[in-house]
Amino acid sequence: MKSKIYITRKLPDYIIKKYEEKYEITMWNQAETPVPRDVLLKEVADADALFSTLSEEINDELFEVGKNLKVVSNLAVGFDNIDLKAAHKYGVPVTNTPDVLTETTADLTFALLMATARRLIEGSKCIEENKWENWAPFMLAGTDVHHKTIGIVGMGRIGEAVAKRAKGFNMNIIYHNRSRKADFEIAVEADYYDFDELIEEADFVVSLLPLTNETKEKFNKAVFKKMKNSAIFINVSRGGVVNEGDLYNALVSEEIRAAGLDVFADEPIQNDHPLVSLDNVVALPHIGSASVETREKMINLCFDNIDAVLSGKKPLTEI
Ligand code: GLV
């Protein structure tokens with residue numbers, strides 16, 4: 001009998017086809033809407049492997065029902081949706097998708113930084129709304145990126161890839177991380193700063209922090225207050241690392257200049273979210289790793305992890 005893999009989103013047939021001969025594959029029937037919890041719990045009851053996304057909470061309740069589960073393969077590098085203690089308790093390895101999305105997410109981070117600094121979305125809206133009447137010296141004048149100081153908070157693989165891009169723009173690179181990275185510091189001429197020093201010094205504060213109990217709402221009123229009034233805050237990690245009310249107030253009271261946000265505390269957000277009402281916010285719907293090439297690589301890695309475990313081997317990228 002074939003082992004059953006349950007996938008929590010509809011994936012394209014051309015990808016699934018490759019695995020159907022070997023596995024019984026059952027999928028939630030929609031690509032853009034998460035599987036309802038009751039359906040998920042029913043499906044994992046007889047599944048050998050769960051292919052999940054960041055929309056599902058993988059916790060005690062799920063492992064309790066999924067008695068046959070041998071692996072959970074999560075389509076993301078972040079894993080704050082997974083209770084690792086519970087996984088450990090039930091002896092189920094959990095995998096994520098590091099490396100394959102690093103460069104793509106760094107591209108998006110830099111694109112968001114530039115779009116925010118140079119007011120690209122406002123410029124595009126200006127034409128869409130037929131408001132471009134004349135050229136004017138300071139019309140939509142933003143702020144420079146080159147030769148400014150970028151402060152990267154959370155220096156993992158994506159942070160390093162962002163720093164390389166910043167170096168190409170002749171930026172001064174400073175970073176904060178739990179541990180220092182000597183080789184990286186030399187390679188991109190980056191300086192290690194304490195968190196408080198970094199937020200006071202940086203023109204662009206870029207959050208690449210994973211969401212944990214320690215990082216929850218790390219960017220709050222006191223932190224925004226310490227930033228330069230000209231600072232631009234970029235978040236591409238998890239919305240939960242920011243107190244969104246405090247960020248809103250900091251933007252409205254011009255304590256900081258602007259924010260570029262790919263992630264929000266409670267996703268998905270709608271256009272009535274207070275931050276979206278601000279012209280100096282560029283908001284994106286969590287698309288950091290969303291290139292076709294990278295999403296295919298992430299999906300293949302999820303399957304490779306499942307295949308390894310179900311074939312009695314070690315997973316490739318266990319958390
Ligand atoms: C996306 O946010 C991821 O963690 O891969």
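How many helices and strands does the secondary structure of the protein comprise? The secondary structure comes to 12 helices and 12 strands, where helices (H or I, at least four residues) and strands (E, at least two) are DSSP runs numbered from the N terminus. The radius of gyration, taken over C-alpha atoms, is 21 Å, close to the 20 Å that the globule rule gives for 319 residues, so the protein is as compact as a globular protein of that length; the rule is 2.2 Å times the number of residues to the power 0.38.

This is a predicted model, in which local features need pLDDT of at least 70 and side-chain atom pairs count only at pLDDT 80 or more, while totals for chains, interfaces and linings use all residues. Residues are numbered from 1 along each chain as its sequence is written, and side-chain values use heavy atoms, with hydrogens and water left out.

Of the 319 residues, 48% count as buried, that is, under 20% relative accessible area with a 1.4 Å probe, protein chains only.

Strands pair if DSSP finds at least two bridges between them. Four bridges join β9 to strand β6 (residues 149–153), and these strands run parallel; Gly 151 stands opposite Val 205. β9 also pairs in the parallel sense with strand β10 (residues 232–235), over four bridges, and here Phe 204 stands opposite Ile 232.

Technical notes. Buried means under 20% relative accessible area, exposed over 50%, partly exposed in between (1.4 Å probe, protein chains only).
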